[in-house]
Amino acid sequence: MSKRKLDNETDAAPAEDAEVKRVLSRFKSDTGEVLPGGLLDLPLDVTVDKLQAICNALLQQEEPLPLAFYVNNVEVTDVLSKYIGKDFSISEDVVEIVYQPQAVFKVRAVTRCTGSLEGHKEAVISVAFSPNGKHLASGSGDTTVRLWDIYTQTPHYTCEGHRHWVLCISWSPCGTKLASACKNGLIYLWDPETGKQMGKAMTGHKMWVTSLCWEPYHKNPECLQLASSSKDCDIRIWDTKRAQTCRVLSGHTRSVTCIKWGGNGLIYSASQDRTIKVWRAEDGVLCRTLEGHAHWVNTLALNVDYALRTGPFQLGSTESKTDSPLEYARKQYESVGEERLVSGSDDFTLFLWKPEKEKKPIARMTGHQQLINDVKFSPDGRIIASASFDKSIKLWDSNTGTYITSLRGHVQAVYSIAWSADSRLLVSGSADSTLKVWSVKTKKLSQDLPGHADEVYAVDWSPDGLRVASGGKDKVLRLWQN
């Protein structure tokens with residue numbers, strides 16, 4: 001679209017609309033960059049479609065991008081005037097319109113159980129789709145890891161080697177390796193194509209392993225390094241090819257509950273000692289300790305988690321696939337902006353951090369009435385969802401930590417939550433034996449999904465948005481689709 005045509009879009013009002021009130025506005029990206037073009041004189045009744053056209057013209061997009069617009073952290077879904085506060089002065093103030101590219105594909109809510117995957121002899125503790133959404137893995141109290149064929153909904157492989165409960169599983173960002181860890185402190189690698197064990201067991205932890213995370217793809221496309229945390233208070237970084245510890249990160253005084261490996265080479269660890277520690281992965285140096293929680297820190301999430309999870313896979317992308325996988329993974333990570341971390345605790349609160357630079361939190365988020373068990377950033381990084389034993393899920397603004405709403409409907413503790421790839425839907429699993437799908441737009445229940453015979457411990461939404469998997473105390477994995 002030419003500059004002249006754009007001027008016509010914004011300036012040329014029909015004669016009969018001469019009385020339409022206008023307002024000075026400017027577009028900003030969600031990372032704060034102001035779009036070239038300066039101040040625009042827009043009619044107050046400008047629609048979202050018109051904003052799309054204007055913003056794409058300023059971005060000089062040949063193929064229009066689907067964009068979402070926000071004023072005062074509220075998504076614009078109607079005419080602009082509805083989102084301007086009462087104390088706003090049309091003659092003096094400027095409306096800041098924040099734009100954000102939307103997911104190029106739209107995920108539909110899962111509505112029915114399409115398969116009951118039986119085989120585990122004890123509770124299913126973890127479920128995880130591979131980064132491309134093509135494989136599904138589960139870990140169980142029966143000491144096995146199982147790989148499932150999501151198309152025929154039958155067991156593919158049973159991976160045997162552990163001699164105690166499998167507590168956590170984690171896919172490498174390249175999707176060619178699955179790590180699992182158990183209550184004996186052992187870590188195994190599995191080949192999803194054959195179900196065979198890769199190399200030797202990784203030994204070193206003295207107590208059970210609580211969390212696993214891989215080095216990001218854009219840092220090392222071979223995905224050789226894996227980090228693990230344990231009840232023995234240590235974090236270990238492993239060379240998975242040699243099945244050897246590269247370094248031990250010691251400093252926590254109680255069990256380490258959760259770890260995340262960020263995109264700039266930092267590892268974040270949460271502990272029952274009430275602290276979060278920030279480590280440099282390359283040399284194990286402790287950069288800073290984040291303090292504020294008054295009880296155990298249970299869970300961590302990064303705003304870049306989805307970008308790091310999907311790495312080189314261009315899921316649903318309509319972009320030309322000219323980038324190398326490495327370049328694509330790096331661009332996806334960088335497009336999210338500065339890394340933010342959120343922590344959830346037994347003290348009923350969450351803290352929002354800029355962990356790469358600051359020890360002081362951005363916000364302390366209060367409102368839950370019981371401990372917080374799971375927390376997740378939406379894939380677009382805009383919203384934080386937290387799940388609690390108080391039976392509710394709460395949504396928060398990821399920039400400020402401001403409370404948005406509570407999602408209520410579960411009648412027992414909420415254990416696990418997962419976002420759809422387009423950030424429009426959220427699924428939760430609960431001790432009440434149901435899954436529930438929530439709409440972020442309406443902030444209401446979208447689908448109630450009964451089917452499990454007992455508590456649901458784990459849920460995952462495939463990164464391609466097509467299906468949800470759940471597992472729990474009834475020993476059955478369930479697949480849900482539209």
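Author: Helices here are DSSP runs of H or I, at least four residues in length, numbered from the N terminus. The model is predicted. With that numbering, α4 is followed by G337, whose phi is positive, near 95 degrees.

Reader: Which residues of helix α4 are buried?

Author: Buried means under 20% relative accessible area. In α4, residues 325-335, the buried residues are Y328, A329 and Y333. They cover an arc of only 130 degrees around the axis, which places them on the same side of α4. As a general idea, an α-helix has 3.6 residues a turn, so residues three or four places apart point the same way. The cover over the buried residues of α4 includes α3 (305-310).

Reader: Why does A329 count as buried?

Author: A329 counts as buried because its relative accessibility is 3%. Leaving aside neighbours within four places in sequence, A329 is in contact with Y217, H218, G311 and P312. A329 and K219 lie 110 residues apart in sequence, yet their C-alpha atoms are 9.4 Å apart in space.

Reader: Which members of the largest nonpolar core touch the most other members?

Author: Such a core is a set of buried nonpolar residues joined through side-chain atoms within 4.5 Å. Here the largest has 22 residues, of which F27, L51, F69, L80 and I97 touch the most other members. Two or more residues each come from β1 (22-29), β2 (40-43), α2 (48-58), β3 (67-71) and β5 (94-101). The largest share, five residues, comes from α2.

Reader: What does I97 touch?

Author: Not counting residues up to four places away in sequence, I97 touches residues including F27, L42, L51, F69, V71 and L80.

Note on methods: Residues numbered from 1 in each chain as written. Predicted model: local features only at pLDDT ≥ 70, side-chain atom pairs only at ≥ 80, totals over all residues. Heavy atoms only, no water. Buried < 20%, exposed > 50% of the residue type's maximum accessible area, 1.4 Å probe, protein only. Arc of directions from axis to C-beta. Contact = heavy atoms within 4.5 Å.
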